[in-house]
Amino acid sequence: MIKVLAPAKINLFLDILGRLENGFHSLFMVMQAVDLCDEITVSKGEGGISLTCSDTRLPQDERNIAFKAAKAFFAETGIEPNAVIAIEKKIPFEAGLAGGSADAAAVIVGLDALYETKLSKQKMCDIGLTVGSDVPFCIKGGTCIAQNRGEVLSRVKPLKDCFIVLAKPEKGVSTAAAFAAADKAYIYHPDNLKMLEACSNGDFEGICKNAGNVFEQVIEVVERVEIKETMRIHGALLYQMSGSGPTVFGIFEDEEKAKGCACELKKKFGAVFVTKPVSFGAKVI
């Protein structure tokens, strides 16, 4: 039996550059793994693939991206499918935190360890890309610039030690619907080059100053204004939506300010977490 931690991610920067010939969107993102993690257990059973999840609202069959990741692993390696997968959910779903992709990444990493296939990280990322654009980052983790669909990953200097408050309103957002809305809208593009320079130099203040997420222009999250204002009042250096939302994150240098903000937000929102940046992706424990 193998246990794997699957960290959530936030988008410090997200810009949509256009459409690719394959129908996917060309993106420029800065992605950061945080220590809010699902825990996935993989083991051998009696043949076939079975999956259970602590959150029964999520599918526990072929519709689950983690199940698809297992199928992709066995197809690539030529091993007869045999896996029992158990997912202990901590990351909210439809939150812009890549919870499903993190689980898929953990399944690939876990099966590689279980079957001792010794796949390279790049090969695991290639398998992951077949089931989801965020899966390669969730395998790699840390702090990365992500381009194209999200699979072209370049490590940059790690985000300095800080505290990241996550607040997710009750209603989720469909990623497909978010991209459809973006396709119909005129978008103001943030400054990719300034963000790239800040990340390359490990300029924490520059990252906070030049951060941006174009989905905020097309996705209506009623609670976003209130969450951001609460984060601002408590001293957040940056507050913005992650991914296609609706989760809003705030970055704090001071732990007590972060905890105070989280305490205030918990009065109105159930899914509130104080996290820290981590340097790893899906990791066997």
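The model is predicted, so local features need pLDDT of at least 70, side-chain atom pairs count only at pLDDT 80 or more, and totals for chains, interfaces and linings use all residues. Residues are numbered from 1 along each chain as its sequence is written, and side-chain values use heavy atoms, without hydrogens or water.

Start with the sheet. Its 4 strands form an open sheet in the order β9-β10-β7-β11, with antiparallel pairing. Strands here are DSSP runs of E, at least two residues; helices are runs of H or I, at least four, and numbering starts from the N terminus. Two strands pair if DSSP finds at least two bridges between them. β9 (238–241) and β11 (271–275) stand at the edges with a single partner strand each, so one side of each has no neighbour in the sheet.

Now the helices. Helix α8 (residues 224–233) lies across β7 (163–168), β9 and β10, at about 10° to β10. Angles run from 0 to 180 degrees between N-to-C directions, with axes fitted to C-alpha atoms, for helices over the stretch in contact. Contact means heavy atoms within 4.5 Å.

Next, charge. Side chains of opposite charge can pair when their charged atoms come close. A salt bridge needs a side-chain nitrogen of Lys or Arg within 4 Å of a carboxyl oxygen of Asp or Glu. The count is 13 salt bridges. In one of them, lysine 160 meets glutamate 253, with the closest N and O atoms 2.4 Å apart. Lysine 160 lies in the loop between β6 (152–155) and β7, and glutamate 253 in the loop between β10 and α9, so the pair ties together parts 93 residues apart in sequence.
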